[in-house]
Amino acid sequence: MFRCTVCGTEYSEFRHTCSKCGSVLLAVDYPMKWEPEGVGLWRYSSMLPVLRSISLSEGGTPLVRRRDSEEEVFLKFEGDNPTGSFKDRGSSVVISDAFNQGYKSTTVASTGNMGASVAAYSAYANMTTRIFIPEGIPPEKVAQITAYGAELVPVPGGFAQAVKSSLEETEKGIYLASSGLNPYFIEGLKTIAFEIFEQMGVPDRVVVPTGTGGLLTAIHKGFEELRSLGVSDKVPQMIAVQSAVVAPIVEAWRDRTELRTPGEVSTIASAILVKVPFNGRSAIDSMNRSGGYGVTVTDHQLIQAIKALGQEGIFAEPAAAASMAALPDLEPWPDARTVLMITGSGLKDPSVVLRRDL
Ligand SMILES: [Zn+2]
């Protein structure tokens, strides 16, 4: 079954958005059993609503304890996925669904990482794909998408306009592999919670670089499912980190208001530069239900965090370092066991570390 993240309307058939309020849906109430078997993402097949068809051995990423820190801080490095970001978890599940349903073409709007991921999985599934990207995407990401053989369509007017273009494609019978508008994407991402649980038990808090809000929603969903099955007995605090210049989720959480769309902005954290976050409401819901909160970080803090992660042997792209950048601003909690999500590889956007103006 699929449930609207805003008005709660339930649907028995797969769909992209709620017909009543237009919001995104989550997959809920399907049979689930905690029976991990094998390696990587599909180790958790018994917790997923889609049968495995297309996999590039995603998931199974390292959880590294931070050195020289009195606090217990762990780095969950999702750059160690096939295309270098956490998106591969969602892509494996949604492209498996597209394959199982007999689709031959996929499409998505992307700030770069999602496009690269969908392009790789579509190529492996022998499907054509068309990726709509806003202007200002790092050239390394454009190169990666091109290498997988996808058709790239630059769209003026930002991410929201790119999403509109991708939605028009679905009217032609093309599968929408969107991170925000395909409920199965969240299902792939939630396996991060299962892995963290097997690697260290349930942490006290998880800090998540946040663009659409989908990743935070998904990790929280995974931990809630473990608790509802009686596998674990608690859910960590979910903490969202956004760029100080584009923080609609953190601001709406803080001010207890509707999500407001920021104006023209620029940040090196291109992977979380999302002005209209599809999973914004569900992310705020997850933050509130888990006793979590939101933090914003500046570009200068991001560069410092990239360098601090480098000292741990991890190279992160700017958005992926947002969790590390937020660490000094978390609420004091002695003895807390904290997981920082490091969402993508520094090789995605390497030249930013050479900038001298930040
Ligand atoms: Zn609704």
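Trainee: Which domains does the domain assignment of the protein give?

Mentor: Keep in mind that this is a predicted model. The assignment gives domain 1 (1-30), domain 2 (63-85 + 184-354) and domain 3 (87-182).

Trainee: How many residues of domain 1 are in contact with domain 2?

Mentor: In general, the size of an interface is often given as the accessible area lost when the parts come together. Here we have contact counts: 6 residues of domain 1 touch 8 residues of domain 2. On the domain 1 side, those residues are 4 nonpolar, 2 polar and no charged. The C-alpha centres of domain 1 and domain 2 are 25 Å apart.

Trainee: Okay, helices next. At what angle do the axes of α1 and α2 cross?

Mentor: Two packed helices are described by the angle between their axes and the distance between the axes. For α1 (residues 87-100) and α2 (residues 113-124), the axes come within 9 Å and cross at roughly 40°. That makes α1 oblique to α2. The crossing is right-handed.

Trainee: Which residues of α1 and α2 meet?

Mentor: From α1, you'll find K87, D88, S91, S92 and I95, and they meet N113, M114, S117, V118, Y121 and S122 of α2. That contact splits into 4 nonpolar, 5 polar and 2 charged residues.

Trainee: And which residues are buried in α8?

Mentor: A helix has 3.6 residues a turn, so residues three or four places apart point the same way. In α8 (residues 248-255), P248, I249, V250 and W253 are buried. The buried residues of α8 pack against β11 (237-243), α9 (280-289) and β12 (293-297). Just after α8, look at R256: its phi is positive, about 50°.

Definitions and conventions. Residues are numbered from 1 along each chain as its sequence is written. This is a predicted model: local features need pLDDT of at least 70, side-chain atom pairs count only at pLDDT 80 or more; totals for chains, interfaces and linings use all residues. Axes are lines fitted to C-alpha atoms, for helices over the stretch in contact, and angles run from 0 to 180 degrees between N-to-C directions. Helices (H or I, at least four residues) and strands (E, at least two) are DSSP runs, numbered from the N terminus. Angles under 35 degrees count as roughly parallel, over 145 as roughly antiparallel, 65 to 115 as roughly perpendicular and the rest as oblique. A crossing is left-handed if the near helix is turned anticlockwise from the far one by less than a right angle, and right-handed if clockwise. Two residues are in contact if their C-beta atoms, placed from the backbone, lie within 7 Å. Ala, Val, Leu, Ile, Met, Phe, Trp, Tyr, Cys and Pro count as nonpolar, Asp, Glu, Lys and Arg as charged, and the others, Gly among them, as polar. Domain bounds come from an automatic or database domain assignment. A residue is buried if 20 or more other C-beta atoms lie within 10 Å of its own, exposed if 12 or fewer, and partly exposed in between; C-beta atoms are placed from the backbone.
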